[in-house]
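Please read the numbered points alongside the sequence and the model.

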Amino acid sequence: MTVDAELPAGVPGIDVPRLAAWLARELPGSGRITAIDLIAGGRSNLTYGITLDGGRRVVLRRPPLGHVLPTAHDMGREYRVLSALGGGTAVPVPKTLAFCDDEDVIGARFYLMDFVDGRVLRTSEDAEGITPEQARGLSNALAEALAAIHTVDVQAVGLADFGRPSGYMERQLKRWGKQWDSSQEAIRGTGTTRDLPEYDRLVGRLAERLPADAPARLVHGDFRLDNALARLEPRPEIAAVVDWEMSTLGDPLSDLGLTLVYWAEATDAEQLPVGATITAAPGFFTRREFTDRYAALTGFDFADLDFYVAFACFKLAVILEGIHARFLQNATVGEGFDQIGAGVPVLLERAHRTLDTGSLS
């Protein structure tokens, strides 16, 4: 690979000459970088498309700029789980290519993976041209992908030490509480204050309802339709599940709860500033239908599902608060970040409502 003055212009978060030199060492023969662009849509880790000589496309993932929550955005873990799942499991993932733990290259650890041809389906506009039959097929394919993740033999794929499932939900409550505190400190540093009393009340309610430990299973940590690449032809399918930065071993119903929080329905009173609102289009499963299909595939016990949905609201509220903190620090890249903070009180209220009613609505 030749590193010369013909390199394309840089984009935020990427030092192109240093990246080109690293590629020449780590992936000899891959060709010169001819284009690089930020792939829009992500609110956390940054994803870039890189075009090489001959038109080959690869994808680079790195942590966000600015305020980064402690223990989050671990590129090494994301690279490891993708590499393990790509070794013959039923979970659709991109093929990993190389990992870099030298922060001097682009300013952060990162990894490369193959580009997967597929669509990110997120908004109601994305539903144009999708038939109700295709929408139903995609819903089913997503449920199958989630079930495949949760039934992976972690011992067989080398992930038996990927997390500590004992006490998982209790640790999650403490971990995300610390992330919230970190974000509040960052927000105060910008001269802004947030009055969200329902947060503390919710933490107390969740602590009182913590379920018993579940068997150790792989969890994605942020599973939703728009964290997957979909294809419609020749039949609806999930080509790849992406964004594995929060994956670990733990309670699989924590994944299901979060998927249901993201899952929009046409009758919802409010829409979140994240997640795939496309699922409100005709043909897509309802939250109940998705749950029933997943249950048929896994056979898991759903007695405490309202807790997991409420906990997912709590977790997503913390994540959005961290993104809101980066926005206030002028450290976000892309559009739509000005709307993120408004989703936090909506999620806190939804969590309380779920605990009060036990409903998926």
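1. Strand E2 (residues 46-52) is largely enclosed by the rest of the structure, because seven of its seven residues are buried. Buried denotes under 20% relative accessible area, exposed over 50%, and partly exposed in between, with a 1.4 Å probe and protein chains only. Strands are DSSP runs of E with at least two residues, numbered from the N terminus.

2. The model is predicted: local features need pLDDT of at least 70, side-chain atom pairs count only at pLDDT 80 or more, and totals for chains, interfaces and linings use all residues. Residues are numbered from 1 along each chain as its sequence is written, and side-chain values use heavy atoms, leaving out hydrogens and water.

3. In a regular strand the side chains alternate between the two faces of the sheet. From E2, Leu-46, Tyr-48, Ile-50 and Leu-52 point one way, while Thr-47, Gly-49 and Thr-51 point the other way, and all are buried.

4. E2 runs antiparallel to strand E1 (residues 33-38), to which five bridges join it; two strands pair if DSSP finds at least two bridges between them. Gly-49 in E2 is the bridge partner of Asp-37.

5. Six bridges join E2 to strand E3 (residues 57-62), and these two strands also run antiparallel. Arg-57 in E3 stands opposite Thr-51. The hairpin of E2 and E3 has four residues between the strands, and Gly-54 there takes a positive phi near 85°.

6. Elsewhere, Asp-101 lies in the loop between strand E4 (96-100) and strand E5 (110-114). Asp-101 counts as exposed because its relative accessibility is 55%.
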